[in-house]
Amino acid sequence: MSGETKPLLEYRNVTIRKKERNVLDSISLNIDVGENVAIIGPNGSGKSSLIKTITRDYYPLAGVEDLVFRIMGADVWDLFEMRHFLGIVSYDLQEEYERKVSGLDAVISGFFSSIGLYPNHMVSPEMKEKAHELLELLGISYLSDKKMSEMSTGEARRVLIARALVHDLQTLVLDEPSNSLDMRSRHVFRETLRRIASAGKSIILVTHDLDDVIPEIGRVVLLKDGRIFLDGPKEEILTAENLSRLFDMNVEVTCEKGYYRTWIDPLSL
């Protein structure tokens, strides 16, 4: 039907095979524009593989019956065009940015999808203004002149989020965002995500850590062994029973002020 809203991500019977095993196994998943979703699973569950399908690093196994693999209704998409509605911040990207690029230039480089700025890049006053606005929005204006190589992990991650947002995209995808962050940096990072959600951007959070799930996230997808284990409203999915089955150990869960906390029964290890 014309005018019908298309899902942001649409997967049906998507299988990714690497080194003689299925890292994603017949995944069927729809995520709509405007949804705040957490995708949670243990290491090796297929979370990063799911991200790599979006970036075209991984392609679905061909010849599968009733295969659907679309972004914004398109079976084929240009990564440069995709950046206007979907931005991805990953650990791999941060590793590439461990160099002497200032925070401001790192953000501006998002307009060119490059790692840093080059002499042929024509940087307009509007680009600089936008970059400064985003640094201020995320509370990191003080990083404007600091080199990426001199920033803490948490500071660099927030700069790369600002870089992803230069195109006024609709949805931000974060792959294991709290890895390598200490307790204070995690708190600051979560508050940054809440600012982004409050600014009207959607968040798809890929993680193994429930502490990353901010109150604004309403839906949770659990992955296990390359398959969707459970999918539904956060309150129904993040229970002790479900998480114990997901991680194969006795997990206890509490929720306070919209944040979920877990601890593990050591006798279950």
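Let's start with helix H9 (residues 240-247), whose buried residues pack against a whole set of neighbours: strand E3 (37-40), E8, E9, helix H8 (234-237), E10 and strand E11 (259-264). The buried ones in H9 are Asn242, Leu243, Ser244 and Leu246. A word on terms: buried means under 20% relative accessible area, exposed means over 50%, and partly exposed is in between, with a 1.4 Å probe and protein chains only. Helices (H or I, at least four residues) and strands (E, at least two) are DSSP runs, numbered from the N terminus.

Before going on, please keep in mind that this is a predicted model, where local features need pLDDT of at least 70, side-chain atom pairs count only at pLDDT 80 or more, and totals for chains, interfaces and linings use all residues. Residues are numbered from 1 along each chain as its sequence is written, and side-chain values use heavy atoms, with hydrogens and water left out.

Now, what follows H9? That is Asp248, with a positive phi near 55°. Asp248 also forms a salt bridge with Lys224, and the closest N and O atoms are 2.9 Å apart. This pair links distant parts of the chain, since Lys224 is in strand E8 while Asp248 is in the loop between helix H9 (240-247) and strand E10 (251-256), 24 residues apart. By a salt bridge I mean a side-chain nitrogen of Lys or Arg within 4 Å of a carboxyl oxygen of Asp or Glu. Lys224 counts as buried because its relative accessibility is 17%, whereas Asp248, at 58%, counts as exposed.

Let's stay with strand E8, where we also find Leu223. Leu223 has a relative accessible area of 2%, so it is buried. Which residues does Leu223 touch, leaving aside its neighbours within four places in sequence? Among them are Ile27, Ile39, Pro42, Lys47, Phe229 and Leu246. Contact here means heavy atoms within 4.5 Å. Take Ile39: Leu223 and Ile39 are 184 residues apart in sequence, and yet 7.1 Å apart in space, C-alpha to C-alpha.

The side chains of Arg219 and Asp231 meet at 2.8 Å, N to O. Asp231 lies in strand E9 (residues 227-233) and Arg219 in strand E8 (residues 219-224), so this bridge ties together parts that are 12 residues apart in sequence. Arg219 is buried, at 14% relative accessibility, and Asp231 is partly exposed, at 36%.

Why do we call helix H1 (residues 47-54) largely enclosed by the rest of the structure? Because six of its eight residues are buried. Those are Lys47, Ser49, Leu50, Ile51, Thr53 and Ile54. Just after H1 comes Arg56, which takes a positive phi of about 70°.

Lys47 has a salt-bridge partner too, namely Glu176, with the closest N and O atoms 3.5 Å apart. Here the two partners are 129 residues apart: Glu176 is in the loop between E6 and H7, and Lys47 is in helix H1. Both ends are enclosed, with Glu176 buried at 10% relative accessible area and Lys47 buried at 5%.

Ser178 is in the loop between strand E6 (171-175) and helix H7 (183-198). Ser178 counts as buried, at 3% relative accessibility. Neighbours within four places aside, Ser178 is in contact with Arg157, Arg186, Asp209 and Asp212.

How many salt bridges are there by the rule I gave? The count comes to 13. Some join up: Glu10, Arg70 and Asp75 are linked in a network of salt bridges.

Met72 has a positive phi near 50°, and it is not a glycine. You'll find Met72 in the loop between strand E4 (68-71) and helix H2 (79-82), where it counts as partly exposed, at 29% relative accessibility. Asp168, also not a glycine, has a positive phi of about 55°. Asp168 sits in the loop between helix H6 (153-164) and E6, and is partly exposed, with a relative accessible area of 46%.
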